[in-house]
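Grab a pencil and open the viewer.

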Amino acid sequence: MGTIAVAQRILLELVHRRRSLILWAVFPAFILLLNATILEERAQLSRAEAYQLATPITIVGAALFFSCLGGSIATVVAEREQKTIKRLFLSPLTGLSYFLGIFLAHSAIGIGQTLVILAIALFFGAEFTGSFFLSVIIIALSILSYVGTGFVLGTQIAKRTEDVNALIATFGVPLLLLGGSFVPANLFPQSLKDLAFWNPVFHINEALAGTMNDTPWEEVSYHFTFLVIFALVMVLGGWLSYNRMLNRERSL
Amino acid sequence: MLKLEGISKKFNDRQVLSDLNLTIELATVYGLLGPNGAGKTTAINIICNLLKPDRGLVLFNDRPITNQTKALIGVAPQQNLLYQTLTCGENLRFFGKIYGISGKKLSQRVEECLELVGLTDRVNSPAETLSGGMQRRLSMAIALIHQPKLIILDEPTTGLDLEARYQMWEVIRHLQRSGTTILITTHLLDEVERLCHKIGILQQGKLVAEGTLAQLRQRIQAKEIITIQSPQEQAVIDRGKSLGLVSRHYGEATSFWIPELLDLKQILEYFDGIAIDGISRHPVSLEHIYLEVMGYI
């Protein structure tokens, strides 16, 4: 009940801020159009192939990154800044319900963005022959990882809404670039490829791109395993961070 | 009944609460007074199970306060703490759901709470569009949504205009009449006088006085207090002393505790021969008691 209530509340706040809602839909569409155009021109691909390649990295590497990681940091920080979190401390809502509520709300936003991206890609003739089920699992794990990371950053580092922008600009954008979300990783020089190996966004991108485009499992499994471990670590990290914040701020 | 038994709490080297014992009877209003830093908010945090005391026990209806008993308590904190973009109805529905209320019962509670605090016509107004007084009332409605047995109101009318204060007092009286136990912390002594059945005064973490207003009045051996405004203030003080009256300076001029009710002629006779600009007579109020207990004068 608490989980659903938290998720509904976040979505309701988003609906009230209509402009943000529209922008969350427009942003991934722009990224997809740009990524696909670059790929089509520079890699000499057909339009359908370009959209096929651009879609997975746009979903997990760009859209979900900003909405789920940036969004969950913003949710937690706004709650701390407005101090409404103190009202939640007074209620029987558990930390787990709160986390799951944020996860659920951002999953809904992420699913919406995924549908927008897929609709555009399908419109331009892209075909995805990989496992639908595994793709959904990868998207869910990505959201879980991003929300977990958002909890760590939102409870430990960002204190004000302005900090969210600074954090995303400092850590988020380089991670996205290095993850191949804008420029395909196979175009990187070797030194950046070596660095990208340690970047979770790279593995998330590779796992979904491989799965949606029916790459053999042997080539995807490594990235998938990395993603599973990363998601577990981030959820645990998020949980511990939330509890630390709870001990620090649990008073009126 | 809410019972605090021997509560002590230390932050680093600072003793914030020291062996605090306090009992609030069911369906009564208890006013907890004290200056900033006296330990009022720490006491509230402990009652709400947000802080653990170093020593002592908090019992509500003979059950220890735990996370499981949080639903028994409703709190309207000093700051309103509302979701600003949500409407009044949405704020209430959200908190109702957090407390496990749903369906028709939730809709009914939202209506009842809005009606109680006089915000029925603002059900669809975003919280950010409400005036300060209305936000305060919405905060109160949120504290009531789950029908708590104990309500804690931290500075419930601070910053409100007179009309809004009167409305808030009416809500508090209504809640008490309907059987809710209420703990109020405030700096506004007239509010405590009007609303509270029992009053406790905290100073440096210790309960230095407790009782009904009538009981606390006994701390001042006077039927009334007179204030004399005179250009010959020292002469007034000396005359009072010679008459065996206790003198105090409550800010504006010299005042005396008068053990028996006197008429104006008798008062004038007391200060015969001294130039008097004005005489005012006051009943013994909580303000006098508070200043006495705190040793401010």
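This is a predicted model: local features need pLDDT of at least 70, side-chain atom pairs count only at pLDDT 80 or more; totals for chains, interfaces and linings use all residues.

**Exercise 1.** Work out how helix 4 and helix 5 of chain B are oriented to each other.

*Solution.* 
- Step 1: find the pair. Helix 4 of chain B covers residues 132-144, and helix 5 of chain B covers residues 162-177.
- Step 2: get the geometry. The two pack at an angle of about 10 degrees, and their axes are 10 Å apart.
- Step 3: apply the cut-off. Angles under 35 degrees count as roughly parallel, so helix 4 and helix 5 of chain B are roughly parallel to each other.
- Step 4: look at who touches whom. From helix 4 of chain B come B:Gly133, B:Arg136, B:Arg137 and B:Met140, and they meet B:Ala164, B:Met168 and B:Val171 in helix 5 of chain B. Sorted by type, the residues of this contact are four nonpolar, one polar and two charged.

**Exercise 2.** Now do the analysis for helix 2 and helix 4 of chain B.

*Solution.* 
- Step 1: the axes of helix 2 (residues 88-98) and helix 4 of chain B come within 9 Å and cross at roughly 25 degrees.
- Step 2: that angle makes helix 2 of chain B roughly parallel to helix 4 of chain B.
- Step 3: helix 2 of chain B brings B:Cys88, B:Asn91, B:Leu92 and B:Phe95 to the contact, while helix 4 of chain B brings B:Leu138, B:Ala141 and B:Ile142.
- Step 4: the tally for this contact is six nonpolar, one polar and no charged.

**Exercise 3.** Which strands sit at the edges of the open sheet in chain B?

*Solution.* 
- Step 1: write down the order. The four strands run 2-1-4-5, with antiparallel pairing.
- Step 2: read off the edges. Strand 2 (14-24) and strand 5 (63-64) of chain B each pair on one side only.
- Step 3: zoom in on one pair. Strand 4 (residues 55-60) and strand 5 of chain B are joined over two bridges, and B:Phe60 stands opposite B:Arg63 in strand 5 of chain B.

**Exercise 4.** Describe what chain A brings to its contact with chain B.

*Solution.* 
- Step 1: count. Chain A contributes 20 residues and chain B contributes 24.
- Step 2: find the top contributor. On the chain A side, helix 1 of chain A gives the most, with six residues.
- Step 3: sort the chain A side: eight nonpolar, five polar and seven charged.

Key. Residues are numbered from 1 along each chain as its sequence is written. Chains are lettered from A and ligands numbered from 1 in the order in which they are written. Axes are lines fitted to C-alpha atoms, for helices over the stretch in contact, and angles run from 0 to 180 degrees between N-to-C directions. Angles under 35 degrees count as roughly parallel, over 145 as roughly antiparallel, 65 to 115 as roughly perpendicular and the rest as oblique. Two residues are in contact if their C-beta atoms, placed from the backbone, lie within 7 Å. Ala, Val, Leu, Ile, Met, Phe, Trp, Tyr, Cys and Pro count as nonpolar, Asp, Glu, Lys and Arg as charged, and the others, Gly among them, as polar. Two strands pair if DSSP finds at least two bridges between them.
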